Every structure is written in C-alpha cells, then in structure tokens.
Number of protein chains: 2
Amino acid sequence: MRPTMDDLGEVIGYVLKRTQSALRARIDEALRPLGLTTPQYACLELLQRTPGISASELARGAFVTRQTMNAVLVGLQDRGLVIRADEAPTGRARPVRLTESAVALLAEASGRVAAINELMIAGLTDAERLDLLDYLGRCITELEGRNDPSGLT
Amino acid sequence: MRPTMDDLGEVIGYVLKRTQSALRARIDEALRPLGLTTPQYACLELLQRTPGISASELARGAFVTRQTMNAVLVGLQDRGLVIRADEAPTGRARPVRLTESAVALLAEASGRVAAINELMIAGLTDAERLDLLDYLGRCITELEGRNDPSGLT
DNA sequence: ATCGCCATGTCAGGATGCTGACATTCAGAG
DNA sequence: CTCTGAATGTCAGCATCCTGACATGGCGAT
C-alpha cells in the first residue's frame, strides 16, 4: 500500500468508511441482544436528550430523511418504546416522547455503546483524541461548506 | 456542546458518522448524473484495481455481505458494465470483469470522487492528513481486535 | 385578508444491507 | 480414498435509506 501524498484523499475516504463500518458493526452486535438496531438506538438517544421533538428534527439529528425516521418511529411505537402525540400543538409537527420501558432499555444500551466508543479510541492519547475531533470537524466544514441552493428534494 | 473528556468517545463516534454521512452525500450527488450509486462505484473501482476477482472478494473490499454485493453486481450486469464468467475456473468463484463502457464511465466517476476527497481534506496540512490517517487506523485496530472466532455468519 | 413560501407528514417505489439457511465445490486430515 | 471444513453462490425475508411527489398547516409579504 504505502500511500503517496497524491492519493491521500482517496485513502482517507476509504479509511473513514472502514472505521465507520467497523464501529457500526460493533454497535450492531452489542445492541442486538437488546432487540435494538443502531438507527433505533440513535433515535431513542436523541429523544432522551431532547424530549418532545418532531420526527423531522429526529431525522436531521440522525442524518436520515424524514421518511426513514418515520419508519423507525413506527417500529419503536409498535414496541411501546415511544409515544407520538395524537394532535400537533402547532403546525403539523407531533411531539414524540419516550415511554418508561424505553428509558430503562436505553440506559442499558447507552452503556454498551459508550463502552464501544471508549474501546475505539483506547489507543489514542487525550491530545490525539482532541486532534482527531478537530480534523474531522474541519473535514465536515469543507464538505458542507457550500451546497446547492437548487436541488433540495 | 463543548465536550468534556469523559464523553469524548461518544462525540468522536458522532462526528465520525457525521463526516462519513457528509462525504457519502457528496459522492452520491456527484455520481448521480452518471447514473451510478456509491456502492456501484465502489464495486467498479475495486474491479479496475483487481480484475477478475469474485463477488465474495468484492464484498469484503466494499465492507458489505456477499448477498448485497451480488445484488449490486446484478444491476451492473444488466446495464452492461460488468461481465461474470459463465463457469468457475476453480471452485465456485466466477471472475467478474469490467466492460469497455465501464472503463470509460469509471474514469469520469473516479475524477469526480477524487475531487470530493480532495475537498474534504483541503483544510488540513500534509502533516495533519497523515496524523488523521494514523489515528483512524489505530481506531480500526482497536475495533477489529478480534475476539469472536465463532460468529462469522 | 390572501397569496406564496416553507416545514411537516405521508404514500409509492426502488436500491442498499443485514441475518438465516442451504447447496456446491475445493483442499486437507484421517 | 473418504470425510470434514472452509469458501462461494444463492434464495428468502426483513430493516434501512433514498428520491419523487403530494397534501396540509403556519407565517410573512403584498
């Protein structure tokens, strides 16, 4: 391999995908015994941090479309983990909230996910962790820098 | 936000997902005019680097299952971009190869993807790019630190 | 007040990606 | 040689995730 400076970008993109893929796989297998998928967990985590937010806001927070988040919510609702208000207090957005059983389940899930995240950066010093965070943040800035004022779906 | 040292792991996991999500979105929109999806592009790229590899090897290289890669290959085959040998020279693995039209299309696609990767790391110095690569590599090492010789599907 | 804009929710369809399960084929252990 | 194991391909089913399109409910500008 031994990447040259020229194609470092492609290599970084590849390694980025590889890292995310490995992290996702680890979280999936840790959550499976709890009957939760990673998107479901992300949804519950967001709801705990911000109770009563709408499906669209959840979608943005989880980096998926409204439709996808809606499908996830239907699944969680069927299992009695979340409750959606019957009527919207204003506009069309119906607040979503966690149920009691969801809070208990989420506590267990959060612990497992946190352990995996800790594992991932176990080989990095504190300074390196901050650097990594900084570098990734700058990558995001560049990627989202400007966009298309035209095609917004 | 202002993350404390305690939950840096979770924050890094989140930022990692965010970065990958932004990168994927950019690549998706760059490839759409060419009629290619990101998984399809990844498959073609792998095939160009290693002509004649099997569907299973492609799957490993793209971090997906054999079944998923097979579905991608069917789509590419229907569009005349790849050819699968009718018979396996040995075992069951049938070599897959690019067609002429795929080579031309891939050249254009590669250029666009490379531009996006360059953009992503535009704000990083050469030293920082190497550091980022190093840190991510160490994260992968920790995440894949094998422990389940059993569950291999 | 009415029009146009935007955000939200929703339906339809397609592509991606997974687990589980099974048959086939080669290579190596006995 | 035979039998076991590993790798490959494939079918079925489900969850995720997308684009496109449409209807509805606030909100600001005219």
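View 1. The model is predicted: local features need pLDDT of at least 70 and side-chain atom pairs count only at pLDDT 80 or more, while totals for chains, interfaces and linings use all residues. Residues are numbered from 1 along each chain as its sequence is written, and chains are lettered from A and ligands numbered from 1 in the order in which they are written.

**View 2. The contact between chain A and chain B.** The contact takes 43 residues from chain B and 43 residues from chain A; two residues are in contact if their C-beta atoms, placed from the backbone, lie within 7 Å. On the side of chain B that touches chain A, helix H1 (8–31), helix H5 (100–120) and helix H6 (126–144) of chain B each supply at least two residues. Helices (H or I, at least four residues) and strands (E, at least two) are DSSP runs, numbered from the N terminus. By class, this side of chain B has 22 nonpolar, 9 polar and 12 charged residues. Ala, Val, Leu, Ile, Met, Phe, Trp, Tyr, Cys and Pro count as nonpolar, Asp, Glu, Lys and Arg as charged, and the others, Gly among them, as polar.

**View 3. The fold of chain A.** Chain A has 6 helices and 2 strands, which follow the pattern α-α-α-α-β-β-α-α along the sequence. Of the 153 residues in chain A, 26% are buried. A residue is buried if 20 or more other C-beta atoms lie within 10 Å of its own, exposed if 12 or fewer, and partly exposed in between, with C-beta atoms placed from the backbone. Among the contacts in chain A with a separation of 6 or more, 49% join residues 24 or more positions apart.

**View 4. Helix H5 of chain A.** Helix H5 (residues 100–120) of chain A has 21 residues and reaches 31 Å from its first C-alpha to its last, close to the 30 Å expected at 1.5 Å a residue. The expected span is 1.5 Å times one less than the number of residues. The buried residues of H5(A) are A:Ala102, A:Ala109, A:Val113, A:Ile116, A:Asn117 and A:Met120. An α-helix has 3.6 residues a turn, so residues three or four places apart point the same way.

**View 5. The surface near DNA strand D.** DNA strand D is surrounded by 25 residues, the closest being A:Thr37, A:Pro39, A:Val64, B:Ser54 and B:Ser56. A residue is near a strand if its C-beta atom, placed from the backbone, lies within 6 Å of it. Helix H2 (38–49) and helix H4 (66–78) of chain A, together with helix H3 (55–62) and helix H4 (66–78) of chain B, each supply at least two residues of this surface. The largest share, 5 residues, comes from H4(A). By class, the surface near DNA strand D has 6 nonpolar, 14 polar and 5 charged residues.

**View 6. The surface near DNA strand C.** Around DNA strand C there are 25 residues, and the closest are A:Ser56, A:Ala93, B:Thr37, B:Pro39 and B:Val64. H4(B) gives the most to this surface, with 5 residues. The surface near DNA strand C divides into 6 nonpolar, 14 polar and 5 charged residues.

**View 7. The nonpolar core around A:Cys43.** In the largest nonpolar core, of 67 residues, those touching the most other members are A:Cys43, A:Val82, B:Cys43, B:Met69, B:Leu73 and B:Val82. Such a core is a set of buried Ala, Val, Leu, Ile, Met, Phe, Trp, Tyr and Cys residues joined through C-beta atoms within 7 Å. Leaving aside its neighbours within four places in sequence, A:Cys43 is in contact with A:Leu58, A:Ala62, A:Met69, A:Val72, A:Leu73 and A:Leu76.

**View 8. The loop residue A:Phe63.** A:Phe63 lies in the loop between H3 and H4 of chain A. Its phi is near 60 degrees, a positive value in a residue other than glycine. A:Phe63 counts as partly exposed because it has 18 C-beta neighbours inside 10 Å.
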